[in-house]
Amino acid sequence: MVRAAVLPAVGAPLEITGIDLPDPGPGQVRVRLAAAGVCHSDLSLSNGTMRVPVPAVLGHEGAGTVVAVGEGVTHVSPGAEVVLNWAPSCGSCHACTLGEVWLCANALNGAADVYAHRSSDGSDLHPGLNVAAFAEETVVSAACVLPLPEGIPLTDAALLGCAVLTGYGAVHHSAQVRPGETVAVYGVGGVGLAALQAARIAGAARIVAVDVSPEKEELARTAGATDYVLASETTAREIRGLTDKQGVDVAIECVGRASTIRTAWDSTRRGGRTTVVGIGGKDQQVTFNALEIFHWGRTLAGCVYGNSDPAKDLPVLAEHVRAGRLDLGALVTERIGLEGIPAAFENMLVGRGGRALVVF
C-alpha cells in the first residue's frame, strides 16, 4: 500500500488515502516518487475545466527512482532516476508523423485505464494525465519514463516534467524569441517563472513580468524580469510606454483568461507574436474585429506543452541547469506533503506564490 491524493469526483475535495498498485506488467515501470509539482492543470482537472476519468490520482509533474520494470522494458532499470512524461507520443498518428509530437492524438489514452485500487474497498482508480504523481509510488507506461540526465537534483527535476518544458518551450519553440527582442510574460506562477528564465536565456533585451500580486516582483526579477507591471486595465498601455510606444515583440500568456489573452495581444507591437500557454474554460471568449487583425499583423498562437519533444528537450534543459543558466529551485516557493495540495490549489486561485512542490 502507498499513500496518494485521490480525486473521488470532479469538484470534490482530495482524499489522502492508501492505494494498492500492481506489479508492473509488460511495457510498464514502477517509480518511487521523489517529488511532484502542483500544476494549474491539476486544479483544472479537479474542478472540471479539463475532463478526467474519476476517481483518479492526479499529479503529472514528477521525478523519482525506478523500483521495478516489466517485461520488454530496456531503456531504464531499477535504481535509475527518471522524469515522468505525462504526454508520451505514439509516433504514428498524423501529428506525430509531422513531427508535432506535442499534439499526439493518442498521448492521453492511458488516462482512461484502471491502474490501481483503493486499499479500503478495492474500487478502481485512474491515473490523472497518465502518471498519477500525487502518490508515493506509481506504475506507468514505459513511454512515460525519461532517464534523468546526470548532474540534476532529483527533487527539483520534477519541475522539468511540465513547468519548465512548457515555459521554456513557449519561448524557444512557439514564440521563437530572438536575441535583442522584448518579451512580456503574463502570470508569474511556475510556468511563468520558467518562461522568464527562458527569455533571459534567449537573450531578450527587455523582459516585462505581469501579475496581479505585488509580492511576486522579487520572484520575477530573480528569474530575469527587467520590469514588473501590476495587472490592471492600463497594462497594455504601460507596456507600450516601456517600449517606445511600440509594444513588445513577444507576449507569453500563462494565465488562461480571456481578458489576459486580450491584454497580451494588445501589448505586442505591430507584427508581434502572442503565445497562449494558459488553459482557460470554454466560457472564456476572446473577441477581435476583422480590421484590427489585418491592421496589426500580429500572430496569435496556442501552445501545448511548450510545443516540446520531451525526449529531445530534456538533455538541452539539463545542460542549461548544469551551466547555471536555468535555476529549477527558483521556481519553488513552497515544499509540502500530500496534505498540502488543497492549500496549494487555493494559492493558485488567488495568485499567490510560484510552484508548490510535493516532496516525499
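**A tour from the barrel to the helix pair**

Select R3 first: its bridge partner is G18, which lies in β2. The model is predicted, and in it local features need pLDDT of at least 70 and side-chain atom pairs count only at pLDDT 80 or more, while totals for chains, interfaces and linings use all residues. Residues are numbered from 1 along each chain as its sequence is written, and side-chain values use heavy atoms, with hydrogens and water left out.

Two strands count as paired if DSSP finds at least two bridges between them; strands (E, at least two residues) and helices (H or I, at least four residues) are DSSP runs, numbered from the N terminus. Strands of a sheet pair through backbone hydrogen bonds, either parallel or antiparallel. Now show β1, β2, β7, β8 and β4, which in the order β1-β2-β7-β8-β4 form a closed barrel of five strands with mixed pairing.

Next, look at the backbone of the loops. Most residues other than glycine have a negative phi, and most peptide bonds are trans. Select V54 and P55, which are joined by a cis peptide bond with omega of about -5°; P55 is in the loop between α1 (40-47) and β4 (56-57). Then move to L129, in the loop between β8 (124-127) and β9 (137-141), where phi is positive, about 50°, although the residue is not a glycine.

Is L129 buried or exposed? L129 is buried, with a relative accessible area of 7%, where buried means under 20% relative accessible area, exposed over 50% and partly exposed in between (1.4 Å probe, protein chains only). K245, which has a positive phi near 65° and is likewise not a glycine, counts as exposed at 72% relative accessibility, and is found in the loop between α7 (235-242) and β14 (248-253).

Finish with helices α4 (residues 163-174) and α5 (residues 190-202), whose axes come within 7 Å and cross at roughly 45°. That angle makes α4 oblique to α5, the oblique class being what remains once angles under 35 degrees (roughly parallel), over 145 (roughly antiparallel) and 65 to 115 (roughly perpendicular) are set aside. Axes are lines fitted to C-alpha atoms, for helices over the stretch in contact, with angles running from 0 to 180 degrees between N-to-C directions. To see the contact (heavy atoms within 4.5 Å), select residues including V164, Y168 and V171 in α4, and V191, A195 and I201 in α5.
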